[in-house]
Amino acid sequence: MKTEIIEIKGNKKLKITGDIDMHTSPELREILLSLIKNSRNQCVCVDFSDVTYIDSSGIATFVEGLKAIRTSGSRLFFYGLPENIMEIFRFSRLDRVFEIYRTFEDAFGI
Amino acid sequence: MVRKSNNKEYIRNLEKRVETLRILTEVSSIISSTLDIRELMSLVMEKAKEILSADACSILIYNKNNNKLEFEVAICGEEETSELLKKKITLDMGQGIAGWVAQNQQIVVIKDVKKDKRFFHDVDKMTGFETKSLIAAPLIGRRGLIGVAEIINPQKEDYDLEILSILTRHFATAIENALYHAETLEKERIKQELEIAATLQKSFLPEKPVFEKGRIRVSAINIPARHVGGDLYDFVEPDINKAGIFIGDVSGKGVSAALYMAKIISDFRYISRGINSPSDVMNKLNKVLSGAPRGMFLTAIYLIVDVEDGEAVISVAGHPPCIMIKKDEVYVLEMSSGPPLGIIETDFDENRVILKNGDRLIMLTDGVFEAKNISGERIGFNTILEFIRENRNIENLIERITGLINEYSKNTEMADDITIMEVSCL
């Protein structure tokens, strides 16, 4: 798994490449939580377009992130989910838990 | 005269060789006397101190994780100094004489440390010990650098540097063997602990994997991926004519998932007592689990079935769907589902299904259809569905599904826990 943080239109974008599983999620957890801590009313957007797999420990990392960002009053959303990843979210009804958009622009209604 | 002096020289050399041989034999016997790493290092350093009539000796072990040298054994006159060294002082690679030796992997003899810029005075400042001269040798084993041995203020000057490097090579091999032995012991200890944990975890699941009440018969198979796992199932009796059947999958794997699973199963048993509505139980469980650490959550299905008329009420929390087996058809049960438990506040729905005589309902966790083969391809939900379709008349169907997964995942490590339940209406 590789991650890249880009500041885009006043928001923090986290681009993830590769598998998010029990081996890589501890590293992702550190990055995501620190990003949320320092987001200060900015949105944290996660670009999933190059994510190849996510398991339940990866999803738990985002659940923790979601709970953390709620207390800070900010927003966490995902976009660019490949069909196989979207299926995992849909299958476990997590599409109702997370804000998921097709593109970055869709998230802001641009 | 010349001859006499030659003889003396010859005898001195001979004595030196005999002494060298004696030391080598003694050290060899020490090295093979113990596999206890601390005992071994202390013995070796005591010997080195004695041979060279030194004031102090120490071994710094190389920690690969932080790329630093850490004092493992320090033998000085004062025990306090040894303790201080072990607890407080680490050296970076290249820092001080030991750091230089570790980096360059060369033995170094310094007659006067005051004249050597590499010397790191802070250690002496902290310990109050005065280093005047020293010999520092790298300890290199089969797997690379192990550490550095330092002999401080050696009084003897007629030592043979070549013998010293032979000795350090022996020390390095012995230390490496002892480290390997300690690692093996630690692995064995962890394995045993995990076996105990696995037995304990199994004790949280129902005593028997089969439950019968009225016209309802339930059987279950649960195989954790790595000794302990996060899958769970349970049978309860909320009312006189009712059977409650619960299946769940905690996010993550291993010990943390297993511990959380144990908590959930206790919460479930407490909450489900006397409640005939599965959604009520799910709502209550959801509240209890909302404070889960590290975003942990549970996907689950709770089914309460009337054991007389076969009416089943099912509540689903982000869990893979059930598969219905009727006499002539096999299909995925379309049900409304809420998100997994422990994430957000929500009200769970209920779905109603009538189980008729001969109907069977298969419930499973995602480990079943996410099983991978040696090429890393997942078996997939549809393959499982097709297999059930083809083998729907077989009695021990859930064992057969397990067999299919085992065959598919042959020669690979099991990636996730597997739980399969079959609810039959007789």
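In chain A, 71% of the contacts with a separation of 6 or more are between residues 24 or more positions apart; two residues are in contact if their C-beta atoms, placed from the backbone, lie within 7 Å. The model is predicted, so to speak of local features we need pLDDT of at least 70, side-chain atom pairs count only at pLDDT 80 or more, and totals for chains, interfaces and linings use all residues. Residues are numbered from 1 along each chain as its sequence is written, and chains are lettered from A, ligands numbered from 1, in the order in which they are written.

Staying with chain A, its secondary structure comes to 4 helices and 5 strands. Helices (H or I, at least four residues) and strands (E, at least two) are DSSP runs, numbered from the N terminus. The order of elements from the N terminus is β-β-α-β-α-β-α-β-α. Chain A has a radius of gyration of 13 Å, close to the 13 Å from the globule rule for 110 residues, so it is as compact as a globular protein of that length. That radius is taken over C-alpha atoms, and the rule is 2.2 Å times the number of residues to the power 0.38. Along the principal axes, the C-alpha atoms of chain A fill a box of roughly 30 × 30 × 25 Å. Of the 110 residues in chain A, 40% are buried. Buried means 20 or more other C-beta atoms within 10 Å of the residue's own, exposed means 12 or fewer, and partly exposed is in between, with C-beta atoms placed from the backbone.

Next, the contact between the chains. It takes 15 residues from chain A and 16 residues from chain B. On the chain A side, the largest share, 8 residues, comes from helix H2 (residues 56-72). By class, that side has 7 nonpolar, 4 polar and 4 charged residues. Here Ala, Val, Leu, Ile, Met, Phe, Trp, Tyr, Cys and Pro count as nonpolar, Asp, Glu, Lys and Arg as charged, and the others, Gly among them, as polar.

Now chain B. Its domain assignment gives domain 1 (2-181) and domain 2 (202-425), with bounds that come from an automatic or database assignment. Taken over C-alpha atoms, the centres of these two domains of chain B are separated by 61 Å.

Leu205(B) sits in the loop between helix H6 (161-204) and strand S7 (210-213) of chain B. It counts as partly exposed, with 19 C-beta neighbours inside 10 Å. Leaving aside neighbours within four places in sequence, Leu205(B) is in contact with Asn222(B), Leu232(B) and Tyr233(B). The C-alpha atoms of Leu205(B) and Asn222(B), 17 residues apart along the chain, are separated by 9.3 Å.

Ile362(B), in strand S16 (residues 360-364) of chain B, is buried, with 24 other C-beta atoms within 10 Å. Not counting residues up to four places away in sequence, Ile362(B) touches residues including Cys322(B), Ile388(B) and Glu422(B).

Last, helix H11 of chain B, residues 397-408. Its 12 residues should span 16 Å at 1.5 Å a residue, and its end C-alpha atoms are 16 Å apart, which agrees; the expected span is 1.5 Å times one less than the number of residues. Which residues of H11(B) are buried? They are Leu397(B), Ile398(B), Ile401(B) and Ile405(B). Down the axis of H11(B), the buried residues fall within an arc of 100°, so they line one face of the helix; the arc is that of the directions from the helix axis to the C-beta atoms. On the other side of H11(B), Gly403(B) and Glu407(B) are exposed. The buried residues of H11(B) pack against strand S8 (216-223), helix H9 (366-369), helix H10 (381-390) and strand S17 (418-425) of chain B.
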